[in-house]
Amino acid sequence: MTASAFTSSLPPDALAKAAGVRLMIFDVDGVLTDGGLFYGEEGEAFKRFNALDGHGIKMMQQFGTAAAIITARQSPYVLRRARDLGIAHVFQGVHDKRQAFEQLLQHTQLTAAACGYLGDDIIDLPVLTRVAFKACVANGHREVKARCDYVTQATGGNGAVREICDLVLAAQGNYEAALAPYLA
């Protein structure tokens, strides 16, 4: 699919807002994962991440849009995944996502107008309502979907993050360039 064919199927308003994103922020449970929680006797046993999502984050970062994570849960698996993907800004165990977002803006010296957010539940609303580009996964809460510029076709943990990364790349005119090395 060419960039023009891809972008023609996207809402123009979402594309315009995504074009200005310099930092895309992701929730974890229900976004980077499918939201399932696996517990063993010692606590959380593992998390399942999607490889397509990870490659999308890497490509998006290669073209100048940084990635960050803000999540309510604390997990060594999130830190490992973030390290694997080159995500420098990770906020875990955060119940006041607004406060973490303000810290993130200070660390990056960006404004909310240069940020996008992909969430799935009402705990994400304090950040989602402040960023320029607001997105929700297909299986997100109805109150979150109602406040977004874009709702993915894919569900959390099953390609929704990749869909957003591709959208950001396309909105910024980098989609074809991101694909080029694989088509040579």
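How many of the five residues of strand β6 (residues 115-119) are buried, and why?

Modeller: Happy to. A word on the source first: this is a predicted model, in which local features need pLDDT of at least 70 and side-chain atom pairs count only at pLDDT 80 or more, while totals for chains, interfaces and linings use all residues. Residues are numbered from 1 along each chain as its sequence is written, and side-chain values use heavy atoms, with hydrogens and water left out.

Now to your strand. Five of the five residues of β6 are buried, so this strand is largely enclosed by the rest of the structure. Buried means under 20% relative accessible area, exposed over 50% and partly exposed in between, with a 1.4 Å probe and protein chains only. Strands (E, at least two residues) and helices (H or I, at least four) are DSSP runs, numbered from the N terminus. In a regular strand the side chains alternate between the two faces of the sheet. Here C115, Y117 and G119 point one way from β6, G116 and L118 point the other way, and all are buried.

Next, the neighbours. Two strands pair if DSSP finds at least two bridges between them. Strand β1 (residues 23-26) pairs with β6 in the parallel sense over four bridges, with M24 opposite G116. Strand β7 (residues 133-136) also runs parallel to β6, joined to it by four bridges, and there G119 stands opposite C136.

Step back and you find six strands in an open sheet, ordered β5-β4-β1-β6-β7-β8, with parallel pairing. The edges are β5 (89-91) and β8 (150-151); each has a single partner strand, so one side of each is left without a neighbour in the sheet. Further along, β1 pairs in parallel with strand β4 (residues 66-70) over four bridges, and M24 stands opposite A67 in β4.

Contact means heavy atoms within 4.5 Å. Axes are lines fitted to C-alpha atoms, for helices over the stretch in contact, and angles run from 0 to 180 degrees between N-to-C directions. Helix α8 (residues 160-171) lies across β1, β6, β7 and β8, running at about 170 degrees to β1. The axes of α8 and helix α2 (residues 12-19) come within 8 Å and cross at roughly 80 degrees. That makes α2 roughly perpendicular to α8; angles under 35 degrees count as roughly parallel, over 145 as roughly antiparallel, 65 to 115 as roughly perpendicular and the rest as oblique. In this contact A14, L15, A18 and A19 of α2 meet L167, V168 and A171 of α8. By class, the residues of the contact of α2 with α8 are seven nonpolar, no polar and no charged. For these classes, Ala, Val, Leu, Ile, Met, Phe, Trp, Tyr, Cys and Pro count as nonpolar, Asp, Glu, Lys and Arg as charged, and the others, Gly among them, as polar.

At 0% relative accessibility, C136 counts as buried. Its sulfur is 5.0 Å from the closest cysteine sulfur, in C148, too far for a bond, since a disulfide is a pair of cysteine sulfur atoms within 2.5 Å. C148 counts as buried as well, at 16% relative accessibility. By this rule the count comes to zero disulfides.
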